[in-house]
Amino acid sequence: MASRMDSGLCLLLLLVVLCKCVEATEHLKYKNPSQPITARVEDLLRRMTLEEKIGQMAQIERTLATPDVMKNYYIGSVLSGGGSVPEPKASPATWMNMVNEIQKGAMSTRLQIPMIYGIDAVHGHNNVYGATIFPHNVGLGATRDPDLARRIGAATALEVRATGIPYTFAPCVAVCRDPRWGRCYESYSEDPQIVKAMTEIIVGLQGQPPANSIKGMPFLAGQSNVAACAKHFVGDGGTTNGIDENNTVSSFKRLVNTHMTPYFDAIEKGVSTIMISYSSWNGVKMHTNRFLISHVLKKQLGFKGFVISDWEAIDRITSPPDANYSLSILESVGAGIDMVMLPYNFTYFMGNLTSQVKGGFISMNRINDAVRRILRVKFTMGLFEQPLADPSLANQLGSKEHRELAREVVRKSLVLLKNGKNYNS
């Protein structure tokens, strides 16, 4: 009799434990991939402290991203600056190991929110030894071939994934209106319609969104694709006299018809992120332009991914840079920037932003909007299910097929210049 009672008691305890496990799983909606992304985002957002939310808004350079930093500051994103590599001539395995170690630090936090690693792969995976290099955008624009751009995007995505990285700061969709601008080679054309057509590279990088997708929603087809970033919003190619990071003087109508045109298609294609320009529009720094970022980009155009700053761009809001960092944080975050490419002084940024929120200078609604967008992109990318790199993609770096494609692009982008009449005649 006692034996039967013991067995019954054990069975009851087992059932209680199983019920508790099921209840816990159902309770943590954000960890359940069968739940809609919106439900997962909202479930996770309500669990986060202010410090965890602000951590998600910070992007730091990889040299600072130790496991302790990732864990203690809840860092949301890490990047490689230009030329920042784990070691000279680093192999795909070396890159993957570095990214994975940083990711493990992020995943050791209370809520296990994965970080997103980004890099400038703007004409191929151009910071990585052995990668396939494609012509710059000015050459691609000369081909007038959007499908070629799509194929380049797909090849680049595979090579970026070959190093364990899921996010590239590309494409640049600037419309260069003055050849004196030193970055004209990053522009597909002076014609906004050509630049608009070449946003097809986004489909190559991220994959083709389904026909029934919601406009403005970020999209990623799978683990062979990478999140893209349309940049630099907006007017970077229209500055006075072509001076870099300077002032674009124009009516709103001209700004829309010339410089904003490519963003319409980028958003239609589900671009995940948009980077803000260092430049100004009619004297207002783009990183502080609430009208263009929050009202036009987010509300009117319906962009639902996250908005990211350029490198140390909020420091440059003031002249000289960093003259009033508190004001720079207030104006940039208040304008609608969701993630800040710091990339070094992250403790000062996070402490200052926390104080401004607690002091009522920046609203929790603004912080929640930023973090909601960041989490939306991360869930869309599948980072919560597959946070670590896929080593099976390592052989994609510099593959024969991609090098053949690069040769094809070179042939198709060659331009024959013919001397015209003497300018003075």
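**Legends to close-up views of a predicted model**

**Figure 1. Overall dimensions of the protein.** For 425 residues, a compact globule would have a radius of gyration near 22 Å, and the value of 23 Å found for the protein agrees with this. The structure is a predicted model. Its C-alpha trace spans about 115 × 55 × 45 Å along the principal axes. The protein contains 15 helices and 11 strands. Of the 425 residues, 55% are buried. Among contacts with a separation of 6 or more, 75% are made by residues 24 or more positions apart.

**Figure 2. Packing of helix H7 against helix H15.** Helix H7 comprises residues 146-161 and helix H15 residues 400-413; the two pack at an angle of about 145 degrees, and their axes are 11 Å apart. The crossing of H7 and H15 is left-handed. On the H7 side, the contact is formed by Leu 148, Arg 151, Ile 152, Ala 155, Leu 158 and Glu 159, which meet His 402, Leu 405, Glu 408, Val 409 and Lys 412 of H15. By residue class, this contact of H7 with H15 consists of six nonpolar, one polar and four charged residues.

Figure 3. Strand S3 spans residues 116-119, and both of its faces are covered. Ile 116 and Gly 118 lie on one side, Tyr 117 and Ile 119 lie on the other, and all of these residues are buried. In a regular strand, side chains alternate between the two faces of the sheet. Strand S2 (residues 77-80) runs parallel to S3 and is joined to S3 by four bridges. Within this pair, Leu 79 has Gly 118 of S3 as its bridge partner; Gly 118 is itself one of the buried residues of S3.

Figure 4. Strands of a sheet pair through backbone hydrogen bonds, in either a parallel or an antiparallel sense. Strand S5 (residues 229-233) and S7 run parallel and are joined by three bridges. In this pairing, Phe 233 stands opposite Ile 276 of S7. S7 also runs parallel to strand S10 (residues 306-308), again with three bridges between the two strands. Here Thr 273 stands opposite Phe 306 of S10.

**Figure 5. The open sheet S6-S8-S9.** Three strands form an open sheet in the order S6-S8-S9, and their pairing is mixed. Strand S6 (247-248) and strand S9 (284-285) stand at the edges; each has a single partner strand, so one side of each lacks a neighbour in the sheet. S6 pairs with strand S8 (residues 280-281) in the parallel sense over two bridges. Asn 247 has Ser 280 of S8 as its bridge partner.

**Figure 6. Gly 283 in the loop between S8 and S9.** Gly 283 is located in the loop that lies between strands S8 and S9. The relative accessibility of Gly 283 is 55%, and this residue therefore counts as exposed, the cut-off being over 50%. Gly 283 and Val 307 are separated by 24 residues in sequence and by 21 Å in space, C-alpha to C-alpha.

Definitions and conventions
Residues are numbered from 1 along each chain as its sequence is written. This is a predicted model: local features need pLDDT of at least 70, side-chain atom pairs count only at pLDDT 80 or more; totals for chains, interfaces and linings use all residues. Side-chain values use heavy atoms; hydrogens and water are left out. Axes are lines fitted to C-alpha atoms, for helices over the stretch in contact, and angles run from 0 to 180 degrees between N-to-C directions. A crossing is left-handed if the near helix is turned anticlockwise from the far one by less than a right angle, and right-handed if clockwise. Contact means heavy atoms within 4.5 Å. Ala, Val, Leu, Ile, Met, Phe, Trp, Tyr, Cys and Pro count as nonpolar, Asp, Glu, Lys and Arg as charged, and the others, Gly among them, as polar. Two strands pair if DSSP finds at least two bridges between them. The radius of gyration is taken over C-alpha atoms; the globule rule is 2.2 Å times the number of residues to the power 0.38. Buried means under 20% relative accessible area, exposed over 50%, partly exposed in between (1.4 Å probe, protein chains only).
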